[in-house]
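This briefing concerns the structure displayed below. Please consult the sequence and the model together while reading the points that follow.

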Amino acid sequence: LSRLRRTEPSLRSFIHVAAAAAEREAEELDRRIASGGKDAVGPLAGVLVGVKDNLCTASMPSTGGSRILDGFQPAYDATAVRRLREAGAIVVGKTNLDEFGMGSTTEGSGFQVTTNPWDDSRVPGGSSGGSASAVSARQCVVSLGSDTGGSVRQPASFCGVVGLKPTYGRVSRFGLMAYASSLDVVGCFGSSVFDTATILSVIAGHDKMDSTSSSHDVPDYRSDLASLSLLESKPLNNVRIGIIQETLGEGVDAGVVSSIRSAASHLEQLGSVVQVSMPSFSLGLPAYYILASSEASSNLSRYDGIRYGQQVSADDLNEMYGDSRANGLGHEVKMRILMGTYALSAGYYDAYYKRAQQVRTLVKKSFEEALGKYDILISPAAPSAAYKIGEKTNDPLAMYAGDIMTVNVNMAGLPALVVPCGFVEGGSAGLPVGLQMIGSPFSEGSLLRVGHIFE
Ligand code: GLN
C-alpha cells in the first residue's frame, strides 16, 4: 500500500483507491487466522488485486472510465470479482481504462491519463492500461482486465507483464460492462505466469448468471505449473509451435521483430518452431472495427441518463437523452456508436455488417486449420513498443492499426497469453516487448505451461 501511495501520483493507474478498506479487510483476515489458523481464510488471503473499472464492484464506484457513470455504485460484484473476494483477495481499487474499453492507450479515459511505469512520457497501452501499469509498478500483485480486441494483451506487452486473454466463455462476463458481447472476455495480469495461472484458477468456470459462460472443466492451472519439471533438456518436445509469418512483415518495428525472433529461437532450443502462413491475418482488423462498433452501438443504448449515472435535466425526454449523452460520453465512444449504427442500418447492413461477419468466419476457419497442425501459434502482441502520450490521439486509424496482432484472436474466441520477451530502445531502461501465444479453445493450461517454461 505504501508503494501504491508513493507511485500513484505519477502513474495514475487507479480511478478509485480503497486503501483504508483494504487495511480493514487485512486486519479482519489476521483476526481470522489468529483464531482459526490458515484454513480459516481462502487461498488468496491478503493478495492485493486491482480491478478494471468496467467490472462492477458493490463496495466501490464503477465508472467504465466514462463521465456518464461518474458516481455510479453498482448493487453487486461482477462474478470474477466475487470469486476473488471469496478466495480472500483484497480489491485495492479500480483501475483506469479507455472509456468503456474503446481505445488502445488509456488516453480515452473520461478521468485521467495513466503513464507507463517504464517511461512516464509513454502510454501503458489500453484499454486495460491501469491494470497493466499497476501490476508492472507492483502497486498490486495481480489485476483483472477485459479483452475485446487486445485490451489485456497489448497493455501487458507495453508494460512488461504477463497478460492472459482466456477462451470466450471461460470466465463469466456477469458484471462486466458490455462493449461488444460476442468478443468481450475478462482477463488477468500478473508479474509471472504462475501468478496469472493462480488467478485464472479462481475466476474461471460456469456461472448461471452468464449463459455464454462455459461448463468446460476448470483444471487447477496453478498446481499444473508447480508440478512441471523445468530441468528436462527439451521440455517442449511434444509441443508443435508455429510462428505466424505475416505478423513479422511490413509495418512491424524492427526491434519487435528481432525480439520475437530471438524468443522463437529460445523456444526452438526447448522444442520445435516452424513458420506458418496465415494469408487472411490482415483481413481481421477492418472486420473487427465494424463488428465491435455495431455491437457497441446496441450495448451502449443503456446509457440514457435514466437508468444509470449522470443525467442532464431538460424539458422533454428526447432532449434529456441527447443532452445526457452529449455531456457524458466522450468523442471516441460517440464515433463508435455512429459507426456501428451506420454499419447496421438497413441500406448498409449487407455491405458492412454482413460482410464483416463473413470475414470473421474466414478468420476463424484459418485459425482452426493452423491449430489443427500446431498446438501454439506465436506472434508479437503489438507491432511496436509503447507509444508516446499524444502520439496517436489525432489519428484514429493509426490507433486502430496498432491492434492488428490481437483482434483476430477475439473474432475466433481463442485463448492467448502474452509474456515479456525482450526490449527495444527507448526510455531510460528500454521498452518491453511481449510475445503472444495463441492456442485452441480451452487450451489455457498448455499456454500457461509453455509460458512458464519460456519465462
Ligand atoms: N483497441 C481495441 C478497441 O478499441 C480493443 C479494445 C478492447 O479490447 N477492449 O476496440
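The notes below treat the domains, the nonpolar core and the ligand surroundings in turn.

The model is predicted. Its chain is divided into two parts, domain 1 (2-236 + 386-454) and domain 2 (287-351). The largest nonpolar core has 126 residues and takes at least three residues from each of these domains.

**Domains**
- Domain 1 is made up of two segments, 2-236 and 386-454, whereas domain 2 covers 287-351.
- A distance of 27 Å separates the C-alpha centres of domain 1 and domain 2.
- Contacts between the domains involve 24 residues of domain 1 and 19 residues of domain 2.
- On the side of domain 1 that touches domain 2, twelve residues are nonpolar, nine are polar and three are charged.

**Largest nonpolar core**
- Within this core of 126 residues, Val-49 and Ile-203 have the most contacts.
- Helix 9 (residues 284-299) supplies the largest share of the core, namely eight residues.
- Beyond its neighbours within four places in sequence, Val-49 is in contact with Leu-84, with Ala-89, Ile-90, Val-91 and Val-92, and with Cys-140, Val-141, Val-142, Ser-143 and Leu-144.

**Ligand surroundings**
- The ligand has 14 residues around it, of which Gly-101, Ser-104, Thr-148, Gly-149 and Ser-151 come nearest.
- The shell around the ligand comprises nine polar, three nonpolar and two charged residues.

Note on methods: Residues numbered from 1 in each chain as written. Predicted model: local features only at pLDDT ≥ 70, side-chain atom pairs only at ≥ 80, totals over all residues. Near = placed C-beta within 6 Å. Nonpolar A, V, L, I, M, F, W, Y, C, P; charged D, E, K, R; others polar. Domains from an automatic or database assignment. Contact = placed C-beta atoms within 7 Å. Core = buried A, V, L, I, M, F, W, Y, C linked by C-beta atoms within 7 Å. Buried ≥ 20, exposed ≤ 12 C-beta atoms within 10 Å, placed from the backbone. Helix = DSSP H or I, 4+ residues; strand = E, 2+ residues; numbered from the N terminus.
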